[in-house]
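User: I'm new to reading protein structures. Could you walk me through a few features, one at a time?

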Amino acid sequence: MALAEMGHDVRVVCPLYGSIKPDIKAGWRTLEKPHCVHLGGRELWCRVWETKLAGSKVTYYFLEHDGFFGRKGVYSGHDGDYHDNGQRFTYLSRAGLSLPYLLDWMPDIVHSHDWPTGLVPVYQNAHEMDSDLGKAATVHTVHNLQHQGHFNPSLMGWANLPGDLFRDDGLAHGNALNMMKGGLYHATKITTVSPTYAHEIQTPEYGCGLDPVLRHRAADLLGVLNGIDEAEWNPAKDKFIPATFTAKKLKGKARCKTALQAAFDLTEDDEKPVYGVVSRLWSQKGLDLLAEILPGILRDMQVQFVILGSGDPHLENRFKELSFEFRGQMGSFIGYNNVLSHLVYAGSDFFAMPSRFEPCGLSQLYSMKYGTVPIVRSTGGLVDTVEDFHIPEKGDATGTGLRFSSATPDAVYRAVGRACALWYDQPEAFSQIQQNAMAKTFDWDASAKAYERLYKEAVKARRG
Ligand code: ADP
């Protein structure tokens with residue numbers, strides 16, 4: 001949207017997943033002609049839906065192919081990952097890349113994301129070198145390097161890709177075809193969603209086996225921070241919370257805290273700090289570290305906890321058990337609930353994010369906007385967006401949150417304790433840090449400009 005506002009012609013291609021319903025009343029229409037690609041020795045057709053994102057100039061194209069995408073899940077169903085994910089996302093990459101021919105519109109940049117579209121830069125080099133489309137530079141963005149899309153190399157034949165691209169400096173990763181790796185080798189430029197994560201993924205600790213590829217491509221790798229939609233995430237206008245508020249008038253935040261305590265069956269108490277979590281419950285997020293140490297925290301400190309999340313069944317159960325054991329002091333809601341997430345961001349005093357790795361992270365940005373002081377592990381985008389607080393002998397406290405280094409239960413315990421001491425012993429400094437956090441902007445303007453500069457360099461590199 002920010003790029004479109006700057007005058008660029010931005011078009012997005014994605015599958016029409018089963019959960020997406022074309023809305024003809026809202027202006028969705030189908031293109032006159034269907035789209036066809038040749039894969040697996042067959043013609044594979046899809047219908048293409050076109051629409052505009054509400055309130056924006058960005059055009060969306062949804063590829064309707066029931067066989068591949070007309071199911072409930074995106075990547076997996078009840079029995080785990082779909083067995084044909086290799087074919088499904090090869091199809092998305094091939095059909096998405098060649099859509100400009102159907103539109104009779106040639107882009108300067110083709111921007112692909114994560115493993116599901118890792119084959120886009122590969123096809124661009126393998127099939128389009130001498131075509132009009134071939135002038136377009138490719139940019140591949142890594143949102144999460146942990147998921148790479150490993151498939152049987154026999155997919156090369158189905159994908160209609162030359163066999164010699166299955167090699168170490170290409171699609172081969174051990175004995176598997178690795179779609180992310182293909183994208184990283186073949187893209188003109190690579191980005192990821194924060195400068196710190198861009199450094200981290202070049203190290204064995206965070207590289208998930210692809211750090212040698214990223215070091216090899218370091219000159220073409222850039223970290224650009226994600227922004228947030230500040231119109232949706234704005235405590236002064238939020239329709240999902242019981243009372244709105246601003247940095248100057250925080251009364252509404254106190255009402256949100258009371259509503260939050262009621263929603264999670266906590267004892268109503270404005271003296272005690274409430275710590276919130278809104279997260280996928282997977283090991284990436286480090287919430288197993290928190291779960292391990294929570295009984296100690298709840299016994300030793302005068303604090304309350306609310307957890308909203310879903311994921312690992314063991315962790316879900318553990319949080320439910322703890323909510324039962326520490327009724328009134330801790331509450332959890334297992335599931336996905338956007339409305340409730342707004343209340344957690346608005347009503348909490350602190351927000352806990354002990355991630356093992358965090359490419360960018362949005363939750364810490366929302367919490368800062370809502371005056372909820374983030375407690376984060378120093379990794380990835382958390383380093384780039386949260387400044388650890390400091391209280392000088394004279395003058396105002398600086399910083400926007402609390403940071404800690406180690407991914408251990410002990411370090412989480414100490415960070416929660418440090419926040420607790422700040423709350424009880426230095427309330428003025430706490431208020432200042434809250435103000436510092438709320439004064440930050442995380443919109444897309446600066447990032448869109450960084451992408452614009454990178455796109456220009458990419459076009460030059462491709463055509464030069
Ligand atoms: P990731 O993309 O790795 O899950 P981010 O912090 O970048 O982590 O973004 C997660 C987003 O999903 C945030 O907007 C957060 O509010 C939202 N979210 C995560 N879990 C839930 C949930 N159970 N209910 C509502 N929103 C959730």
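**Reading the model step by step**

Analyst: Let's start with helix H15, where Asp410 and Arg414 sit 4 residues apart, about one turn of the helix. Keep in mind that this is a predicted model.

User: What do Asp410 and Arg414 form, and how far apart are their closest N and O atoms?

Analyst: First the general idea: an α-helix has 3.6 residues a turn, so residues three or four places apart point the same way. Here, Asp410 and Arg414 form a salt bridge, with 3.0 Å between the closest N and O atoms. Asp410 is partly exposed at 43% relative accessible area, while Arg414, at 53%, counts as exposed because the cut-off for that is over 50%.

User: Which parts does the salt bridge between Arg356 and Asp288 tie together?

Analyst: The closest N and O atoms of Arg356 and Asp288 are 2.9 Å apart. Arg356 is in the loop between S18 and H13, and Asp288 is in helix H10, so the pair ties together parts 68 residues apart in sequence. A search of the whole structure turns up 21 salt bridges. Some link up into a network, which joins Lys189, Arg217, Asp220 and Glu457.

User: How many of the 10 residues of helix H12 are buried?

Analyst: You can read a whole helix that way too. In H12, 8 of the 10 residues are buried, so the helix is largely enclosed by the rest of the structure. Among the elements covering those buried residues are helix H9, strand S15 and helix H13.

User: And the ligand: which residues come nearest?

Analyst: Start with what surrounds it. Of the 16 residues around the ligand, Arg280, Lys285, Gly335, Tyr345 and Leu362 come nearest. Then check the polar atoms: oxygen atoms of the ligand lie 2.7 Å from a polar side-chain atom of Arg280 and 2.8 Å from one of Lys285. A ligand nitrogen is 2.8 Å from a polar backbone atom of Gly335. Alone, the ligand exposes 560 Å², and the protein buries 82% of that. S15, S16, H12 and H13 each give two or more residues to the shell.

Methods
Residues numbered from 1 in each chain as written. Predicted model: local features only at pLDDT ≥ 70, side-chain atom pairs only at ≥ 80, totals over all residues. Heavy atoms only, no water. Buried < 20%, exposed > 50% of the residue type's maximum accessible area, 1.4 Å probe, protein only. Contact = heavy atoms within 4.5 Å. Near = heavy atom within 4 Å. Polar contact = N/O pair within 3.5 Å; in protein donor to acceptor, adjacent residues only side chain to side chain. Areas by Shrake-Rupley, 256 points an atom, 1.4 Å probe, with all protein chains shown as cover. Salt bridge = Lys/Arg side-chain N within 4 Å of Asp/Glu carboxyl O.
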